[in-house]
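Morning, everyone. I have one model to show today, and I'll keep this short.

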Amino acid sequence: MSWDTVADVVASICLIGGALLAFAAGVGVLRFPDLLSRMHAGTKPQVLGLILVLIGLSLRLRSGGAVWALVLVALFQMLTAPVAAHLVGRAGYRTGKVRRDLLVVDELTDAQARAATRDDADLPRNDAPEETTDAERR
Amino acid sequence: MTVVLLICAALLTVAGVLALIRAERGPSMLDRTVALDIVVTVVVAAVALYAAAERRTDVVPILVVLSLVGFVGSVTISRFASVEPEGEGRVRSREEIAQEEAERIRAEEEAERARRARRAKEAEVAHPDAEPVAPVEARREEESAGHAADAQASSAEVPHDDDRAEHDGTEHDRTDEGSTR
């Protein structure tokens, strides 16, 4: 049993693992009830599944330049996936697509309520008098 | 390797189809974004699988490009889905723009008319026997005098009236200087 065979076997295992994670993501994104849990299912193959597939591919290719390009792909994905997930989750929260009854911990709502009460205490509202003076000065 | 290839291809196909079903159903834009992210990942995995099966290194740049394009797409969609209020992203027609412009101009004219009426009323209150239509210089003089009196009478109540009276007074003084020189 040569090293090539070992590398091929390991590559096959990695490729199957990545494909299984992608399959799990497909099932999860179809079956899960709300946006955040769908994101949770969808991010499995984005990082771990992709890295497994890339390890399998680089074990199959076994050439320097291509492997560095694959490292680059994994690096890009690890940089961009958190940003995209953060933006999607933020947009979902702001537009009310988060189901509160499914959450175990919801720190953001409490923090926003605290910030709102603090702002109200700090700045008394004086919109109306400013508006009238502006109209008169004009 | 052929068996592995077949298993992986089947798994990836099913995953892609399930994600596409979610993208078609998805109640909101963000669910579709998540589903399309998974589709992009599945395509990346499929291209990698093809490269692994054929031992081809020339398709590796495709993986780089795909991972970047998927990021840009999802970020753009979620960015616009979060900030766009109701009816904001619509392209307005020419008639609607003209209508809004006309409404704005009408509001400005009404404000101007109300301001003139209020000034005339104030001047009348200050000098009841003065003629309503006076020459410009005389009317300005009267107004400044009336405002000075008003300001002295009720400076505590309306502070910005005081400002305007002062402003008018200085303007008047300047014109006087010019005439005497």
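Before the first figure, a cut-off. I call a residue buried if 20 or more other C-beta atoms lie within 10 Å of its own. Keep in mind that this is a predicted model.

Now chain B. By that count, 22% of its 181 residues are buried. What does the fold consist of? Chain B has six helices and zero strands. Along the sequence the pattern reads α-α-α-α-α-α. Next, the contacts within chain B. Take those with a separation of 6 or more: 39% of them join residues 24 or more positions apart.

On to the contact between the chains. Chain A puts in 52 residues, and chain B puts in 46. Which helices of chain B supply at least two residues each to the side that touches chain A? They are H1 (2–25), H2 and H3 (60–83). H2(B) gives the largest share, with 15 residues.

Let me finish with one residue, B:Ala51. It sits in helix H2 of chain B, which spans residues 29–54. Is B:Ala51 buried or exposed? B:Ala51 is buried, because 23 other C-beta atoms lie within 10 Å, and the cut-off is 20 or more. What does B:Ala51 contact, leaving aside neighbours within four places in sequence? In chain B, the partners are B:Arg56, B:Val59 and B:Val60. Across in chain A, the partner is A:Leu57.

How values were computed:
Residues are numbered from 1 along each chain as its sequence is written. Chains are lettered from A and ligands numbered from 1 in the order in which they are written. This is a predicted model: local features need pLDDT of at least 70, side-chain atom pairs count only at pLDDT 80 or more; totals for chains, interfaces and linings use all residues. Helices (H or I, at least four residues) and strands (E, at least two) are DSSP runs, numbered from the N terminus. A residue is buried if 20 or more other C-beta atoms lie within 10 Å of its own, exposed if 12 or fewer, and partly exposed in between; C-beta atoms are placed from the backbone. Two residues are in contact if their C-beta atoms, placed from the backbone, lie within 7 Å.
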